[in-house]
Amino acid sequence: MKLARLLFLFLILSVSGYAQTKIISGRVTDDKGIGLQGVSVKALNSGAGTTTAGDGSYSIRAGEAESLEFSYVGFSSQTTTVGVRNIIDITLMPASTQNLEGVVVTALGIKRQEKALGYATQEVKGNTLQTVKGIDVTTSLTGKVAGMTIKNSAEFMEEPNITIRGEKPLIVIDGVPYGNMTLRDVPSDDIESINFLKGATASALYGERGGSGAIMITTRKGALGKGFTISLNSSSMFEAGYLAIPEMQSKYGRVVNTATNTYVRSADGSWGPPLEGQQIIQWDPTSKTMKSMPYLPIGKDNFKNFQEQGYVINNNLSIAQTGDLGGFRASATWVQNKGTYPNSMFNKLTYSVGGDIKLKKFSISTSVSYNNHSSPNTGFGGYAGYDPMYSMLVWGSPDWDIRQYKDYWMIPNEVQNSSYTAGNNNPYFDRYQRIHPYKKDIFNGQLTLNYDILTWLKAMVRTGYDTYSNRQDIRISKGSFQGGGTGKVMGFGTEIWGESQKGSYNVGLRRGYSSSNEAMIIGNKKLNDFRIDGFVGGAIFYNQDEGIEARTNGGLSIPGYYSLKASVNPVNVMSLIYKKQTNSLFGKLGFGWRDILFLEATGRNDWASTLPKSTRSFFYPSVSGSFVVSELFRPDWLSFWKLRGAWTKYKTPANIYAINNVFSIVNNAWGTLATAVYPTLIRPDDIFAEGSTTTEFGSAMSFLKNRVSLDVTYYEKKMYDYIVSASISPSSGFTGVYTNSNEERTRKGIELALNVTPVRTQDIRWDVGFNWSKFATFYTRLDSLYSVQNRDWVKVGNRSDHYTINEYQTDNQGNIVFNNGVPTYKPILSHVGFADPDWIWGFNTQVAYKNLALNISLDGRVGGLAQSTTAMYMWRSGNHPNSLSEERYLDATNPGTKNFLGEGVKVVSGTIVYDANYHVVSDTRVFAPNDIKTTYKSYIEALHKGTAWGGSASSVDLFSTTFLKLREVSLTYTLPKNMAGKVGSKNMSVSLIGQNLIYWARQFKYSDIDGGTENFTDPAMRFIGLNLKFDF
Amino acid sequence: MKLNIKITGAILFSLLLFTAGCSKFDDINMNPDATERVSASMLATNIILANLKFDGRDAKAYLDENALAKYIAYANETIMASQYNTVGTFGFGGMTMLPNIESMLKYAEGSSMENSYKGLAKLSRAIMFYNTSIRLGDIPYSQAGKGQTGALKVSYDTQEQVMTGVLNELKEAEQFFSQGIKFDGDPTPYAGDPDKWRRATNAFALRVLLSLSKKS
């Protein structure tokens, strides 16, 4: 009823407006005086619109009270009231790549003037992500935001890992902080813009989930200009070589039993004789028998031959319409990724719909999307998952040719055709018969309603909901020499080790949902020179996850029958459920004086279900301000200068069910008897929320008519009241106590974003952007009871990401101490460096010349330490390319002899004694040069520790993670309008694209360290391809 | 005016939602998959297995002690460390059994099998403290296991006090078993028979005494 009245009023007003209109004409030029064609001229009240002609001239009918808006891509929009004028000429200024004068989407989806923000933000426009399209839009964001680290692992289907200032940020899509959505679920073609709110300050209004920053994604809800558009954006990239791929030696084969002249078929690597063509009884895969054959390195290219052509296809079709009342957009995206191993395929389908309607005082905006991910085999990763690298590069040998093993059955479903009888699966068998299928459905949607109560008061209600359902299977055929290793069928599920040889079938179903509801009243009033704005609101966030997994036990009764009914012993089952709800009340008050000084304060109170009743409610405030210096002091060369500062407190409650004192139940612990174990963690009932306080200062400047802009931020984040499971002596009956520690750590960092436009003429435009950031976390206070004690590196003022290993034992001159010819290790840990990088950087540049555009982006990290699991095991198995020493040859050709003499010392008498603080108490050792020979194999095994099952790496397997990558290059040619018109399209462009093009690392040569860790990471592929865009 | 009423109405309604939501918090934070209540028999199974089940990846762990005492020699794959007197380290980990024992006694209170469970409690304590003290010497004993009341740093007792305590507890265990009936949750071949457990208690007391006697 009310709506009808409003509509009637609206009609009357528009009619009356129309009766007093006149023809307005004029010319729109850019800052050089050149006429701009295609500028959109819109009358905001009546909705009429037109575009400028070739010389920039236009004419439109409008009334005196009408506001005309002139907008053009790449330039700052202008709005002006008609008044008494009949001719209105407009000069548009180019927008800088940094959105300084414009509007920014901040927390809760509220648009703010960027100059009023007291905290650091950085924006990336969606159209910069829509040319080079990989599997995830995240990869294209690497290096584009100062302070944001993205780790892109080369492992198949692994999602890139995003951290802002070292912490995992909240993903917010269209204002809703979904509980189950990630950037993998948002196709790059659906993105209008992404705004990165860094640090706790910018997200103080999202509560405890937003304390680590937020990535605010705004999806497209209509066509770019007025009218109806169909867009097709198709991108295909093919693997063109590898950035890093492990190599294997090809001189030695596996151990040969000299008595029977047969080679051993247990998977022990390549510590056997040299492959010099001698006749040895080996497994012949074609006749499937043991035969005497020449012993040759026929398998030296096994790993390379195993790789298949990979590719990434990313296609998007969208239909959009923008009209007077609003816009609507429907889009479908299909991404297919073929990995480098056989039988690795990943399909991602996304269908999304969004739109908005504006009706005078009332506006609605909604977006809904559905995602489907599926793969027939996600594989098993890492050493403990028995990745195919395990059987080819590590415990295999170059004496068998993988190309002869494509027929991998001896007895179908029961016995595999492999040159080994234990440990190493035939790699093709492994990829097709030991599989991990994966299916996931995610649905999310939101609805936002805005109502203008008064001109300065607005009410907003938003509701968002997401739900996912995930099914994973693991099927292992009978005859497999490895079980499922560390693979799981469900998040927080059980590792499927399984019994090798017997086969197994495992299935896990996991699903969950989250619902987020907010209601706010927003006010914004101008009083003379002052502007007061603020809001008050409440929110409820609820999320629930549940899962069931079932695993066969004891093997499969019928080979090839992959079902829970085939389980020989009773099936193992497990279920889990997690629930959490947070209620909040929050508010903000802000003041602005002219356009120079801004000050705002926020406060939020949360009630979290995961804390005990006494500490359930917690409050946290924040204050921020900004001072636009350039309003007072404006020399020619300074276009804009803003100083900003912010102080924020936020709190995080305990994890779900962490405060519950529950027994652990194990069914069938002995026969049919079940055991109950009393919790070994004391849980007092006065745990309270963890806290942190961030102080941040920054300055945003731009010079020379916005041609150069620089943004610098310095921040300090104090983190305290950590909820820890502190270790205590078991003599108390418990091994830990769950408590808030007195320890405090502070993270300090600097971020820099520099954008320069060295050339800007009518034909050529060249932009350069550079992002740099450095941060580290330090101990600022230690807890006398619960902090790590008696370690020199845990001290106030030291970094907390210390990397410690057992170093080699040495004498006072640094020579390694040998015992029985092999190196020994110190029994104490030593501090050798820091795990996190020292600084991270990103560099991107765009050159546009008439119809051609070239985009290049590079990024990298400097510093940091990581162990190379692949390298350490390749050494231990005798397969490392650098292990071809003289001594090894002598050992192999004269079995029983020991030919390696280690360079170092041995202890003749005396001992070294350490105390509990790892300090030397007494050292009475007497040394002599090492004179005990040993085999090269024993020396290598002692020099390179294997840490797949625990322990710290040897220092020779610890490398610096410094690297840089040429991340993306694209060369785009936009076809002239007449040529595009021949196909019926308004806009058409062709681009040559490439992703992951060049990789350089200081020490990680054989594997890509972009993912941050190295544990049998898949070989990193280089992609080159083509992108076609059509707009109809 | 109507609008203001609507707004206040909305705020009141949302406040109502919050208060209603808060009272449900205890329900939300309850994990239906976990339990805070169990039975004495399940705890008994755990305690007995903790003391008697050998904890090793293979059966070599069962032979380990005998290699230390040089009753056996082992030569296959690699050497057995205890043959060369490499005993490694030992800790107080076994004492996490103590809250389980207390909890078992609480659940057994009033039931017909109470005496058997009391006997099991004393015997288990004795076995655990004996095994720990024979390896480490002076250990916490009288004040051990009281972490829930705040005693996190426990004082030590001398080995003599521990062994005296162990022998006393074995005497008490024997008493309780003599009055007990068959109890549930026994994974051993004794199947809960208190008579067999009583004999085992006496045999263990004998073993303790043997290890304490002076060498001639």
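Angles between axes under 35 degrees count as roughly parallel, over 145 as roughly antiparallel, 65 to 115 as roughly perpendicular, and the rest as oblique. The axes are lines fitted to C-alpha atoms, for helices over the stretch in contact, and angles run from 0 to 180 degrees between N-to-C directions. Helices (H or I, at least four residues) and strands (E, at least two) are DSSP runs, numbered from the N terminus.

This is a predicted model: local features need pLDDT of at least 70, side-chain atom pairs count only at pLDDT 80 or more, and totals for chains, interfaces and linings use all residues. Residues are numbered from 1 along each chain as its sequence is written, while chains are lettered from A and ligands numbered from 1 in the order in which they are written.

Start with α5(B) and α6(B). They pack at an angle of about 170 degrees, with axes 9 Å apart. The two helices, α5(B) and α6(B), are therefore roughly antiparallel. From α5(B), the contact takes M97(B), I101(B), M104(B), L105(B) and A108(B). From α6(B) come E114(B), Y117(B), K118(B), A121(B), S124(B), R125(B) and M128(B). Contact here has a cut-off: the C-beta atoms of two residues, placed from the backbone, lie within 7 Å. By class, this contact has eight nonpolar, one polar and three charged residues. Ala, Val, Leu, Ile, Met, Phe, Trp, Tyr, Cys and Pro count as nonpolar, Asp, Glu, Lys and Arg as charged, and the others, Gly among them, as polar.

Now move to α8(B), residues 194–212. This helix has 19 residues and reaches 27 Å from first C-alpha to last, close to the 27 Å expected at 1.5 Å a residue. The expected span is 1.5 Å times one less than the number of residues. Its buried residues (20 or more other C-beta atoms within 10 Å of their own; exposed means 12 or fewer, partly exposed in between) are P194(B), W197(B), R198(B), T201(B) and A205(B). They cover an arc of only 105 degrees around the axis, so they sit on the same side of α8(B). That arc is taken from the directions from the helix axis to the C-beta atoms. The other side exposes D195(B), A203(B), L206(B), R207(B), L210(B) and S211(B). The buried residues pack against α6 (114–136) and α7 (159–179) of chain B.

Finally, the partner chain. In chain B, 43 residues are in contact with 43 residues of chain A. α1(B) gives the most to this side of chain B, with eight residues.
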